[in-house]
Amino acid sequence: MDELQKALNDKSLTISTLPEKGRCLFTTRDFFPGEVIISENPYVCVPNKNKESPQSKCEWCFSSSNLKKCSACHVVWYCSSKCQKSDWKLHSVECRALSKIDKDRLKSLTPSIRLMVRLYIRRKLENEKSSYNQRIDNDVFAARFSPLLSRTTTSMWKPWFLVSKYMSEVDEKQLVLYAQMANLVNLILQWPDSEVNIKEIAESFSKLACNAHTICDSELRPLGTGLYPVISIINHSCLPNSVLVFEGRLAVVRAMQHIPKGTEVLISYVEIAGSTITRQKALKEQYFFTCTCPRCIKLGQSDDIQESATLEGYRCKDSKCNGFLLRDSDNKGFICQWCGLLRDKEEIKNNTNEVKLISEKASTSFSSGHKAEASVAYKMVEELQMKLYHPFSINLMRTRETLLKIFMELQEWKEALSYCQLTIPVYERVYPRCHPLLGLQYYMCGKLEWLLGQTQTAVRSLTKALDILRITHGTTTPFMMELQSKLEEARAEASYMLHSQEED
């Protein structure tokens with residue numbers, strides 16, 4: 001940890017320990033919006049493959065193109081010989097282990113289990129003083145922290161990752177699942193008892209749930225899961241001052257606002273669009289702590305109650321009133337805090353049940369690939385929700401996001417644009433001014449507007465997108481260069497159109 005601290009000092013960062021939080025990452029100088037605070041390559045990582053992301057991906061770069069399966073284990077895929085070579089020092093050991101597993105057991109090989117297998121293999125390679133770390137000389141993180149990786153990574157991970165202080169918080173059902181997963185990991189590795197301990201592996205899974213990061217592409221679509229030892233030190237806030245994004249495998253933390261010297265670096269672990277109770281529930285279930293950030297300490301205060309009722313409550317019976325509703329003292333219904341009208345509890349219950357029933361049918365149609373049918377059903381859900389929920393309702397926003405996705409897939413661009421535009425005001429309300437999701441929504445809106453010939457409007461949307469995303473994503477990635485190029489083209493087209501109109 002002394003060497004870690006020394007490496008971080010060179011990056012104007014320091015680790016401090018607070019009684020209520022444990023280890024925290026603090027700045028030792030001012031950081032400004034868009035500035036990289038820290039970047040790190042994964043200790044180990046694996047691509048995702050599940051119902052939401054069924055397509056195979058390259059083990060090294062997460063590409064889905066030109067894939068070829070490893071001829072030995074038939075589990076891992078690569079898009080090129082370069083990626084295969086980059087991963088070979090680790091996969092060569094994994095490959096021999098996977099090749100011995102029968103096909104029925106391979107069906108149970110989830111990304112989490114593979115991540116754990118890779119973790120133990122890398123630890124073993126380092127313990128044997130292998131040359132594995134020579135392979136990552138060109139990695140950005142290695143260039144910055146190569147002394148740290150080569151000498152301290154193993155000693156840092158062993159006490160930190162593999163000893164879980166959260167085991168007492170995990171329910172019995174989850175403990176049984178961890179034990180089953182640990183048995184499969186042990187079966188795959190087939191190492192002597194002196195080298196692997198099933199109880200330790202089971203405990204490691206509980207820690208994995210709290211410390212692993214979802215690796216996303218530039219548009220925040222999940223690609224894989226990775227372990228980033230240094231970035232895992234960064235704590236959560238529902239009002240973060242920094243954002244974690246990924247450039248391929250590389251995790252990059254950038255300042256979203258001015259961060260003065262001596263300030264703790266904070267990112268968000270969970271979706272921050274929602275009531276305090278919803279956020280607290282998500283954090284408690286997955287990360288086993290109660291957040292005490294500036295937003296969460298307002299729990300139960302009048303501002304927090306109003307915000308919760310707006311985002312997750314019901315709308316006024318008067319369609320022209322945008323007031324928020326609270327339960328009345330007699331428990332007969334909900335009273336608008338602006339105009340005083342009462343909405344009957346039974347009416348709300350019936351409407352809620354109807355929304356739930358149609359939503360289930362719509363979801364089934366969508367997952368079955370019946371997109372046109374799903375769009376009709378989700379529009380029915382939207383219509384009911386507009387009568388039931390507040391205009392800034394998160395539930396209504398999610399339905400419109402789904403409709404946006406459906407119409408994009410159906411290539412019905414006008415419908416897609418209308419739903420994208422409907423989500424923008426809610427995004428502006430529930431996310432910070434420089435949040436990447438807000439920037440990406442502006443980007444989507446701008447692309448659709450330009451496609452439909454609304455060039456002037458597209459320029460405004462793309463400009464807003466660039467103003468946000470150059471802070472959260474930087475300016476040098478292919479994604480950001482594409483955005484800048486689109487904006488320049490749209491501006492040139494808008495200028496030409498304006499000049500032509502003036503000549504006419």
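The model is predicted, so local features need pLDDT of at least 70, side-chain atom pairs count only at pLDDT 80 or more, and totals for chains, interfaces and linings use all residues. Residues are numbered from 1 along each chain as its sequence is written, and side-chain values use heavy atoms, with hydrogens and water left out.

Helices (H or I, at least four residues) and strands (E, at least two) are DSSP runs, numbered from the N terminus. Two packed helices are described by the angle between their axes and the distance between the axes. Axes are lines fitted to C-alpha atoms, for helices over the stretch in contact, and angles run from 0 to 180 degrees between N-to-C directions.

Helix α11 (residues 371-388) packs on helix α12 (residues 394-409) at about 155 degrees, and their axes are 10 Å apart. The angle therefore makes α11 roughly antiparallel to α12 (over 145 degrees; under 35 is roughly parallel, 65 to 115 roughly perpendicular, and the rest oblique). The crossing is left-handed, meaning that the near helix is turned anticlockwise from the far one by less than a right angle. Contact (heavy atoms within 4.5 Å) involves Y378 and V381 of α11 and L403 and F407 of α12, among others. By class, this contact has 8 nonpolar, 5 polar and 5 charged residues. Ala, Val, Leu, Ile, Met, Phe, Trp, Tyr, Cys and Pro count as nonpolar, Asp, Glu, Lys and Arg as charged, and the others, Gly among them, as polar.

Helix α12 also meets helix α13 (residues 413-430). Their axes come within 8 Å and cross at roughly 150 degrees. The two helices are therefore roughly antiparallel to each other. The crossing of α12 and α13 is left-handed. Among the residues in contact are L404 and M408 of α12 and W413 and Y419 of α13. This contact has 14 nonpolar, 1 polar and 3 charged residues.

In helix α1 (residues 2-9), L4, Q5, A7 and L8 are buried (under 20% relative accessible area; exposed is over 50%, partly exposed in between, with a 1.4 Å probe and protein chains only).

C61 lies in the loop between β4 (44-47) and β5 (68-69). C61 counts as partly exposed because its relative accessibility is 32%. Leaving aside residues up to four places away in sequence, C61 touches C79 and C83.
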